[in-house]
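Here's a walk through one model, sheet by sheet and helix by helix. Have the viewer open and follow along.

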Amino acid sequence: MATHINAVELTRQIVRMNTVNPPGDEEQCARHLGALLENAGFKVAYHQLSAKRASLVATIGGSGDKAPLCFTGHIDTVPLGAAKWRMDPFAADTDAGKLYGRGTSDMKSGVAAFVVACVNLSGRLERSPGLELVITAGEETGCQGAFHLTHKSGALGRAGAVIVGEPTSNYPFVGHKGAFWVNARTKGVTAHGSMPEKGVNAVFKAARAVTVLERFRFSNPPHPLMGQATLNVGTIRGGLNINSVPDEAVIGIDIRTVPSVRHAQIKADLARQLGADVELETLLDLESVYTAPEDPWVQEVFDVMQSILGKRPEPRAATYFTDAAALNLAYGTPPTIILGPGEAPLAHQTDEYCVVERVTESVAAYEEIARRWCSI
């Protein structure tokens, strides 16, 4: 049987493991968490994404018709950035009730908290609907680890509901926007810069396309909670040198989507408005995630969080995407809540931190939500 572990201390342990992606190197962290879960009676399976990179699926219980409750989170982090850190990003030092380090908020504190909560309950879960923990590599670069699991036969079990431990300051979110990233490519014919009439300038075609994108309007109605989808031109590149006519240009488009529009519809609208001179290539295709706030389980989570937050939660949604975009399709779109102790504004920031008190609070919240689901 597992010995008692502390979520703040576990957060420290895994923050000290450098899992900056690229390259990732998540396997050491996955095996550390897996050992704790295995010691508590969970069945643990590791799924190799590539060398030194692994995701982890841990299960316990699973009796009866009711599907398990799934907790999910990722253990990779974004790079440190160019700015100098005041605190060592891998020391996991605390100061004034804050725990500093890369990944503290996004989202190692959330992973540590749900692992501890599940270990604390493990002795009572065997004859219950049970739990499935999905701890992924490669989320920060487009949910690679989660998609790897969804495409691998037998890697995932069942889930009747999903909790994503991403940073929300312990406020339950009922969904998040989707991410649809597209390259728009224009082709031309190269020629010497002194004789541009001999070529076809791909940059001029791209410039016309950017003007269309600036005016682009979505045809769907806004979503009542998330509002309208957004479009941003994030990159543009073209040409090899100043004295040649460029024969290719590429525009990088970042679209954040809402449940009232499908990505196939957006791509069709883009193709029609940009015209035959522009080829579209999909880079990332993560649909939005949304559960109606009146869902009975969502209301039950709101009940649990009301006592912790001191007031009844109101329906909110995240702007960032999560692994739920990949996992929910594999699980048959169960109700999903995003709920974690990290601070969303500090994700990807210099001197990232989480609030120690929130980590402890989230363990209590996760335990109560799991107890209710499993009727223990």
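Asp-95 has its bridge partner, Lys-98, in E5. That strand covers residues 98-100 and runs antiparallel to E4, with 2 bridges joining them. Strands here are DSSP runs of E with at least two residues, helices are runs of H or I with at least four residues, and both are numbered from the N terminus. Two strands count as paired if DSSP finds at least two bridges between them. The model is a predicted one, where local features need pLDDT of at least 70 and side-chain atom pairs count only at pLDDT 80 or more, while totals for chains, interfaces and linings use all residues. Residues are numbered from 1 along each chain as its sequence is written, and side-chain values use heavy atoms, with hydrogens and water left out.

## The six-stranded sheet

The other open sheet to look at has 6 strands in the order E1-E2-E6-E3-E7-E14, and its pairing is mixed. E1 and E14 (336-338) sit at the edges with a single partner strand each, so one side of each has no neighbour in the sheet. On average, neighbouring strands are turned by 15 degrees against each other, direction ignored.

Start at the E1 end. E1 (residues 43-50) and E2 (residues 53-60) pair in the antiparallel sense over 7 bridges, and Val-44 has Ala-58 in E2 as its bridge partner. Their hairpin has 2 residues between the strands, and Lys-52 takes a positive phi near 65 degrees there. Next along, E2 and E6 run antiparallel, joined by 5 bridges; Thr-59 is partnered by Glu-132 in E6.

Two helices to check against this sheet are H9 and H4. H9 packs on the sheet and touches E3 (69-74), E6 and E7 (161-164), its direction making about 150 degrees with that of E3. H4 (residues 144-151) lies across E1, E2 and E6, running at about 115 degrees to E1. Contact, here and below, means heavy atoms within 4.5 Å.

H2 (residues 27-39) has 13 residues and reaches 18 Å from first to last C-alpha, close to the expected 18 Å at 1.5 Å a residue. The expected span is 1.5 Å times one less than the number of residues. Its buried residues are Glu-27, Cys-29, Ala-30, Leu-33, Gly-34, Leu-36 and Leu-37. They pack against H1 (7-15), E1, E2, H3 (104-121) and E6 (131-136). Buried means under 20% relative accessible area, exposed over 50%, and partly exposed in between, using a 1.4 Å probe and protein chains only.

Also in H2 is Arg-31, which is partly exposed at a relative accessible area of 38%. Leaving out residues up to four places away in sequence, Arg-31 touches Tyr-46 and Gln-48. As for H3, 17 of its 18 residues are buried. Its end C-alpha atoms are 24 Å apart, which agrees with the 26 Å that 18 residues should span at 1.5 Å a residue.

## H7 against H9

The axes of H7 (residues 296-309) and H9 (residues 356-374) come within 10 Å and cross at roughly 145 degrees. By class, this contact has 8 nonpolar, no polar and 5 charged residues. Nonpolar covers Ala, Val, Leu, Ile, Met, Phe, Trp, Tyr, Cys and Pro; charged covers Asp, Glu, Lys and Arg; the others, Gly among them, are polar.

## Backbone spots to check

Which peptide bonds are worth a click? The one from Asn-21 to Pro-22 is cis, with omega near 0 degrees, and Pro-22 is in the loop between H1 and H2. The bond from Asp-106 to Met-107 is cis too, with omega near -10 degrees, and Met-107 lies in H3.

Then there's phi. Asp-351 isn't a glycine, yet has a positive phi of about 55 degrees; this residue is in the loop between E14 and E15 and is buried, with a relative accessible area of 17%.

Note on methods. Axes fitted to C-alpha atoms, helices over the stretch in contact; angles between N-to-C directions.
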